[in-house]
Amino acid sequence: MAGGLSRTALLVIDMQRDFIDDTSPIRVAGGKALVPNIVEAVQVCRNHGALVVWVVREHDPLGRDVEQFRRHFYAPGKAGAAVKGSAGAELVDQLVIEQDDYKLVKTRFSAFFNTHLHSVLQGLGIDSLVVAGVQTPNCIRQTVFDAVSLDYKSVTVLVDATAAATPEIHTANILDMKNVGVAIKTVQEWRESSIPCIRQA
């Protein structure tokens, strides 16, 4: 990878139909509104050499690999959530995995838990992470805290490209992450600080 963000990866987390679409019983309120900002962040990364990592859940149809507290969604007669191969597990409209992107499947909140994400990023020389997606107190927060524990040089959460069930929950968790040294920026703030020449365009 060449470019000004070649040591950076953008983690886009759980932007799948089952978590975003209005008709889904487990949708994250405010998730759909994030899409334009995530599209912008993805484009900045692709234009400037950062790796885009699409972190998604894909579960067994019987829920054998899902957390205990969610297994009732997979009981007989239930459709489950983010079932591998289902429409609900697909990314929402406007979000597309391209050839140079990387797709990572997880079955727990953190993108690092029982996955090979850290080894992939280390192998590519990536030391800075930018995080977007849903939802703030669960998958965003746990991924971010694991990244902090793994000593990534820089961890940034895009405050207007992440969401929770309510604005209050979102704000409280953003504050907790800020208090452990995580940078909290809007997409525009991150873009301008990461690619200074954009400000002069």
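Ser110 is placed in the loop between β3 and α3, where helices (H or I, at least four residues) and strands (E, at least two) are DSSP runs numbered from the N terminus. The model is predicted, so local features need pLDDT of at least 70 and side-chain atom pairs count only at pLDDT 80 or more, while totals for chains, interfaces and linings use all residues. Residues are numbered from 1 along each chain as its sequence is written, and side-chain values use heavy atoms, with hydrogens and water left out.

At 3% relative accessibility, Ser110 counts as buried; the term means under 20% relative accessible area, with exposed over 50% and partly exposed in between (1.4 Å probe, protein chains only). Leaving aside residues up to four places away in sequence, Ser110 touches Gln142, Thr143 and Asp146, contact meaning heavy atoms within 4.5 Å.

An α-helix has 3.6 residues a turn, so residues three or four places apart point the same way. After α4 comes Asp151, which has a positive phi near 65°.

Val131 is buried, at a relative accessible area of 1%. Not counting residues up to four places away in sequence, Val131 touches Ile140 and Val144, and also Leu11, Ile13, Thr156, Val157, Leu158 and Thr162. Val131 and His72 are 59 residues apart in sequence and, C-alpha to C-alpha, 29 Å apart in space. In the loop between β4 and α4 lies Gln135. The peptide bond from Val134 to Gln135 is cis, with omega near -20°.

A pair of aromatic rings is described by the distance of the centres and the angle of the planes. The structure holds two aromatic pairs. Rings of Phe, Tyr and Trp (its six-membered ring) pair if their centres lie within 6.5 Å, and planes under 30 degrees apart count as stacked, over 60 as edge-to-face and the rest as tilted. Phe69 and Phe109 form a tilted pair, 6.3 Å centre to centre with 45° between the planes. Because Phe69 lies in the loop between β2 and β3 and Phe109 in the loop between β3 and α3 (117-123), this pair ties together parts that are 40 residues apart in sequence. Phe109 is buried, with a relative accessible area of 16%. Phe112 and Tyr152 also form a tilted pair, at 5.9 Å centre to centre and 40° between the planes. Here Phe112 is in the loop between β3 and α3 and Tyr152 in the loop between α4 and β5, 40 residues apart. Phe112 and Tyr152 are both buried.

Glu58 is in the loop between β2 (51-57) and β3 (102-106). This residue is buried, with a relative accessible area of 15%. The side chains of Glu58 and Lys103 are joined by a polar contact of 2.7 Å. A polar contact is a pair of N or O atoms within 3.5 Å; within protein, one must be able to donate a hydrogen and the other to accept it, and residues adjacent in sequence count only if both atoms are side-chain atoms. Apart from residues up to four places away in sequence, those touched by Glu58 include Asp65, Ala82, Lys84 and Val105.

Two exposed loop residues have positive phi values without being glycine. Gln94, in the loop between β2 and β3, has a phi of about 85° and is exposed at 60% relative accessibility. Asn114, in the loop between β3 and α3, has a phi near 55° and is exposed at 72% relative accessibility.
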